[in-house]
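Colleague: I am new to this structure. Please take me through the terms used for it.

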Amino acid sequence: MLRPQRSWAPPAVGVAVAVALAIVIGVDSSRRAAGPEGSATPTAVAAGSASATPTTTLTPAPDPPPAVCDSPELRGPSSPPDGAVVVPTSEHLGRLTEASPPGTTFWLAPGRHLLDDGEYDQVVPKAGNRYVGAPGAVLDGRRLNRYAFTGQAADVHIEHLTIEHFGRPGTNSDEAVVNHDAGPGWVLAHLTVRENAGAGVMLGDGTVVEDSCLADNGQYGFNAYSPDGVRDVTFRDNEVTGNNTDDWERRRQGCGCTGGGKFWETRGATITGNAIHDNRGVGLWADTNNAGFLIRGNHFADNDDSAIVFETSYNAAITGNTFVRNALRAWRDAPGFPVAAVYVSESGSDERVDTAHRSTFEVAGNLFVDNWGGVVAWENADRFAGSPANTSTDATTLVNPRATLARCRTPDVIRRTPYVDDCRWKTQHLRVHDNTFVFSPEEVGPECTAANLCGSSALLANYGSYPDWSPYLGPGVQQAVALHQDNLWFDNTYRGPWRFLVVDQSTTVSFSEWQGAPYGQDRGSTIG
């Protein structure tokens, strides 16, 4: 992240929450508010005057879904499936796998299963293998083995197994202990993957992770990465909690490499019905050239940083989720910046990126309760393909194959059409609508003040200043993201003293100014 400096039914709740939960998921994105016009210089107002004092009783958030990590459904079958190789605790699962043909099913008997003592003693599945744990079956790495399941065999299934204690604390950075090499078509179901170094699981092409507990791992609960990118993953009805126990941001300051889970260069992801909470960092992070995401019906709560970060990526639907008390610690690392539950950073929709959500980027029908902030849409004027300010160093945009790094790094080229547009990741064509934003500073805590930009939503950029050959120097990107790139809020409901930042970090406007010219935001919305 670059900043400046299971499906479930909630209990009966109050009117505001009930209304939010009843909103139809995936509201027709053809609904459009009129675009803002003009380019008048915004007028700054005192931060405390951003919005009216609420006159209605704020509504509590619904309870979270049942904890997957405590679910009896994690327990496997008490007898082996037909034709399965029975693995007693006295046998080495890795050796049995090596000696068996592809497509073998293994049933791990109850108890603690160990591998040999070498760092790289691991299980290397063959294509179509299936591993099923009996009730109480645990594969324990004892902090001796780095990884549990590795290799690139396709269509491996692992079910009803606890996998724990692989890797020593502080190791396995950006690696995972299950599906370490991002093998395609893996199905990981009813697993408990906990207290491992690095990430719990890796997502490769066609990976399905469902009904699993990813808890207290050293870096991430899950990671999605392959050198050629990742395609078509499904992540549903899981609990992701307590990850980043090794505090990787302290070990590699500013790495942007921690939290519940992270996606890199992933095309097509369906993320539904998950409980993602209490992670030390971002809840769910899509970073660099991801596209075609559906993030729906999830519960995000008490993550230290934003619940969702969508960064230098494209085309997503973030719909029908609940966000409660996220990002209450992250503001300390971003003084003067409006930290939010949903942070859209250099991301938007572009019809040239061929995905299931090809022409939309919407944040719709969600419920936000007592997060540090609401939705922040940001674009870094200094960050573009080829710029030394781009932390995704070797990446270029997805919109034009001719916008190569070489062209984007050439001053005389990047100033010309189409490169001046296509070398940038843009926050554009964003729709934020039919959401309910509930905010009480007293519930957030005593540090929630106007000076700390608590309770903010924003549409802004920085003043372009670097590098000196950049064609984006000056206020152009600020004006573009706020006024000319088709970013629209509309038909939202706000409860509480919300404030709005627009154009730049120093400009706070009232709700009526946010709605008025030149911004034209939140038409059809109410606040109270």
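Colleague: Why is Asp 422 called buried?

Modeller: Asp 422 has a relative accessible area of 6%, and buried means under 20%, so Asp 422 counts as buried. This is a predicted model.

Colleague: What makes Arg 352 and Asp 422 a salt bridge?

Modeller: Their closest N and O atoms are 3.2 Å apart, and the cut-off is 4 Å, so the pair qualifies. The pair links distant parts of the chain, 70 residues apart: Asp 422 is in helix 6, and Arg 352 is in the loop between strand 26 and strand 27.

Colleague: Is Arg 352 buried, exposed or partly exposed?

Modeller: Arg 352 has a relative accessible area of 44%.

Colleague: Why is Asp 117 called exposed?

Modeller: The relative accessible area of Asp 117 is 54%, and exposed means over 50%, so the word applies to Asp 117. Asp 117 forms a salt bridge with Arg 142, at 2.8 Å from N to O.

Colleague: How confident is the predictor in the chain?

Modeller: The average pLDDT is 89, and 88% of the residues score at least 70. Over residues 1-58 the pLDDT is below 50. Where pLDDT is low, the predicted coordinates should not be read in detail.

Technical notes. Residues numbered from 1 in each chain as written. Predicted model: local features only at pLDDT ≥ 70, side-chain atom pairs only at ≥ 80, totals over all residues. Heavy atoms only, no water. pLDDT = per-residue confidence, 0-100. Contact = heavy atoms within 4.5 Å. Salt bridge = Lys/Arg side-chain N within 4 Å of Asp/Glu carboxyl O. Buried < 20%, exposed > 50% of the residue type's maximum accessible area, 1.4 Å probe, protein only. Helix = DSSP H or I, 4+ residues; strand = E, 2+ residues; numbered from the N terminus.
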